Amino acid sequence: MTTRLLFVCLGNICRSPSAENIMNHLIEQRQLSDRVSCDSAGTASYHIGSAPDQRMAAAAMRQGVTLKGQARQFTAADFETFDLILAMDRSNYSDILALAADEHRHKVKLMCEFCRHHSEAEVPDPYYGGEAGFDYVIELLIDACEGLCDQIEGAPIGT
Ligand code: 4NP
């Protein structure tokens with residue numbers, strides 16, 4: 001059985017494509033491709049069709065991860081397709097829940113719940129800040145993605 005993960009931020013050009021590509025990197029390293037699949041989306045429509053932000057791609061590259069993808073907007077149909085929907089911050093979380101039927105609310109979680117080395121509640125929006133903010137997003141996401149992988153390796157989510 002495959003656990004289908006969807007990472008969601010605001011624009012789908014910084015945080016959620018980083019989460020998706022970091023997760024794919026770990027899936028390959030840990031040979032989990034038959035057990036986990038992932039995608040990403042944004043709650044907003046501003047950047048539909050755009051490639052990941054270049055500042056974010058540079059920060060990911062500093063940790064050996066290449067960012068691929070094209071932004072798309074989150075839709076209510078995603079509740080049917082995915083087992084676990086991971087919001088980067090509380091604002092993304094409430095925007096996602098606003099579209100959820102009661103039966104799907106349990107699928108939505110904050111990404112930082114899976115961090116084991118950081119106590120942050122949210123992955124901060126790096127868009128209007130400097131390079132250090134982008135590096136910090138990658139650091140947090142690696143922590144959360146490793147926690148997610150460990151959990152899935154132990155007990156698949158969505159079964
Ligand atoms: P993301 O970052 O939600 O991590 O993709 C942002 C991207 C664009 C904007 C804000 C945050 N924006 O205001 O255009």
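Predicted model: local features only at pLDDT ≥ 70, side-chain atom pairs only at ≥ 80, totals over all residues.

Me: Thanks! Which hand does the crossing of α2 and α5 have?

Reply: The crossing of α2 and α5 is right-handed. These are helix α2, residues 54-62, and helix α5, residues 131-154.

Me: What makes α2 oblique to α5?

Reply: Their axes cross at roughly 55 degrees and come within 9 Å. Angles under 35 degrees count as roughly parallel, over 145 as roughly antiparallel, and 65 to 115 as roughly perpendicular, with the rest called oblique. The angle of roughly 55 degrees belongs to the rest, so α2 is oblique to α5.

Me: Which residues make that contact?

Reply: On the α2 side they are Arg55, Met56, Ala59, Ala60 and Arg62, and α5 brings Glu131, Phe134, Asp135, Val137 and Ile138. By class, this contact of α2 with α5 holds 6 nonpolar and 4 charged residues, and no polar ones.

Me: What does α1 bring to the contact, and what does α5 bring?

Reply: From α1 come Arg15, Ser18, Ala19, Ile22, Met23 and Leu26. From α5 come Val137, Ile138, Leu141, Ile142, Cys145, Glu146, Leu148, Cys149 and Ile152. The contact of α1 with α5 divides into 12 nonpolar, 1 polar and 2 charged residues.

Me: How do you know whether Leu140 is buried or exposed?

Reply: Leu140 sits in helix α5. Buried means under 20% relative accessible area, and Leu140 has 0%, so Leu140 is buried. Leaving aside residues up to four places away in sequence, Leu140 touches Cys115, His118, Glu120, Glu122, Val123 and Pro124. Cys115 is 25 residues from Leu140 in sequence, with 7.2 Å between their C-alpha atoms.

Me: And why is Asp78 called buried?

Reply: The relative accessible area of Asp78 is 6%, which is under the 20% cut-off, so Asp78 counts as buried. Asp78 lies in helix α3, residues 78-81. Not counting residues up to four places away in sequence, its contacts are Leu6, Arg72, Gln73 and Ile85. For the chain, 48% of the 159 residues count as buried.

Me: How many helices and strands does the chain have?

Reply: There are 5 helices and 4 strands. Along the sequence they follow the pattern β-α-β-α-α-β-α-β-α.

Me: What makes the chain as compact as a globular protein of that length?

Reply: The globule rule gives 15 Å for 159 residues, and the radius of gyration of the chain is 14 Å, close to that value, so the chain is as compact as a globular protein of that length. Along the principal axes, the C-alpha atoms fill a box of roughly 40 × 35 × 30 Å. Of the contacts with a separation of 6 or more, 72% are between residues 24 or more positions apart.

Note on methods:
Residues numbered from 1 in each chain as written. Heavy atoms only, no water. Axes fitted to C-alpha atoms, helices over the stretch in contact; angles between N-to-C directions. Helix = DSSP H or I, 4+ residues; strand = E, 2+ residues; numbered from the N terminus. Left-handed = near helix turned anticlockwise from the far one by under 90°. Contact = heavy atoms within 4.5 Å. Nonpolar A, V, L, I, M, F, W, Y, C, P; charged D, E, K, R; others polar. Rg over C-alpha atoms; globule rule 2.2 N^0.38 Å. Buried < 20%, exposed > 50% of the residue type's maximum accessible area, 1.4 Å probe, protein only.
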